[in-house]
Amino acid sequence: MAAEKISTGPPEMRVSVAGSDEYYPDDYTTITIQIENTATLDFQSQDPSAPAKEDRPNTAKNVLVSLGSDGAPVEIKTSGQLVGDITAGKSAAATFEIRTAQDAAAGTFTLPVTLEYTYLYYAEDLGDSAVRYYYKDKTETLPLEIVIRPDVRIEVISLEVQDLNVGTEGYIVATVKNVGHETGEEATLMIQRVSGSPIIPTDASYFIGEFAPGETVTATFKASASIDAEQSTYPLSILLSYENQDGDKLTTSPITNGITTGAKIEFEIESPATQLRPGETGIVTVTYKNIGGATAYDAVSRISAVDPFTSNDDTAYLGDIAPGESAVAKYEVIVDKDATIKTYGLDSEVRYKDALSNSLISDPVKVQIEITEVSGLMSALSNPIVIILVLFVVLGAGYYLYTQRKKNE
C-alpha cells in the first residue's frame, strides 16, 4: 500500500498586508495583499491502483480578490484581480492602488477583502480510471487592518502679493493653518516654483518651529517675476517640511495657488523734439512719464550721444516716479557743425530701484532732436570775413561817436 499526501478539509484562507500597513492622509499609493491558503495536510493510505485525483479539496481555484473600504477613509482605485489557484501551504499577492482621504483621522481601520473561488467538494470514483468531480463556489470576506498615522496638513487661509511686478522683486505673504492631527516639530514653511512659471522664489523658506494642530502662522517670502512675463496670474506652490513624533522628516503635499503680478515699469517721452542747429550747443529737455504699474525709486536718466552729437552732461536725476507721474531731465548737447539737416533719435534709458531696492534699467526710449537749417543772418555771421567787417564797422562807429563827443566838450 502506498501513501499519498491528501488534504483533510477545504481551503482555509487568510489575508495580510505585505510590507508596511501604515499610511498618511492624502496618500496616493499601493497596498499589496498577501493571500495565503493555510489548509492542513495529512497522510492517508490509498490503493495505488485507484485513479489519482487531479484536484485536491484544499486547493482554492481561480481566486478573485477584491478590496473594499467599508466606511474607512480610503478610496480604492483598482478593481478585483484574478490570482489563479492557491494550493495548501501556498500564497499569492494582489496589489491595489488606494488613496487615503485628505482629512482622514488617525487610527486603525479595517478594509474588507473579498475572495471568490471554487474548490473540490467531492470526488466520486466511477471505476475503470474514471472519476467524477463535484465543486463548490465560495465567497468569503476577510478583515484587513491598516493604520493611518497622524500628520500635519496645511490649509492656505490667505495669500497676499506686495510690490511684485513684471521684472521686479516683491513680497508674498502667506497665512496657513495646521488642519492635521499632529504637532510638527522643526516645521519650515516653503514656497516652490511651478515648472514653467515666471514666478521665481528668491527667499523661499520661513522657519516656524513647533506647529500644533489648529495653529495659524503668517510668513513673508520674497519672489521675483521674470521680465519676460506678462501682467497675469501664475501658479506657485506652498508646502511644509517637519518632523513627526517618531523623528521622521516629512513634507506635506504642495498646494498650488495663483499669484498675480502687476504691470512692469515702463517709460515714455511726453516732450516734443528739441530743435538745434549745426554747430550749436543747446539744452535738450526731456519729460519722462512712468506708464508702468509700480513706482520707480531714485530714478536717473541717461542719454546716449552719438555722431553728430556729443555731451559732457548726459545724465539727470529724476527722483521717485509713481505710475502716471512725469519727471523732467535736461541734457547739454553739442551739435557737430557738419550735422545733416534731419530729425535724429537718440537712445535714452532710466536706471531705477524697485520696492526692494534692486537696481533695474528700463527699456530704451528715443529722444527726438530736430536739426534745422541755419538762417541767412546766422549763416552770414558764421563767415569769418563778415565777422571782421562787422567788427571794423562797430569799432569805426564807436570812434566816430567818441570824436564827436570831444568836439562838443
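Modeller: An open sheet of four strands runs in the order β12-β13-β17-β15, with antiparallel pairing. Strands (E, at least two residues) and helices (H or I, at least four) are DSSP runs numbered from the N terminus, and two strands pair if DSSP finds at least two bridges between them. At the edges are β12 (154–162) and β15 (199–203), each of which pairs on one side only. On average, neighbouring strands of this sheet are turned by 35° against each other, direction ignored; axes are lines fitted to C-alpha atoms, for helices over the stretch in contact, and angles run from 0 to 180 degrees between N-to-C directions.

The model is predicted: local features need pLDDT of at least 70, side-chain atom pairs count only at pLDDT 80 or more, and totals for chains, interfaces and linings use all residues. Residues are numbered from 1 along each chain as its sequence is written, and side-chain values use heavy atoms, with hydrogens and water left out.

D203 stands opposite K222 in β17.

As for charges, the structure holds 11 salt bridges, each a side-chain nitrogen of Lys or Arg within 4 Å of a carboxyl oxygen of Asp or Glu. One of them links R14 with E36, with the closest N and O atoms 2.8 Å apart. R14 lies in β2 (residues 13–17) and E36 in β4 (residues 28–37), so the pair ties together parts that are 22 residues apart in sequence.
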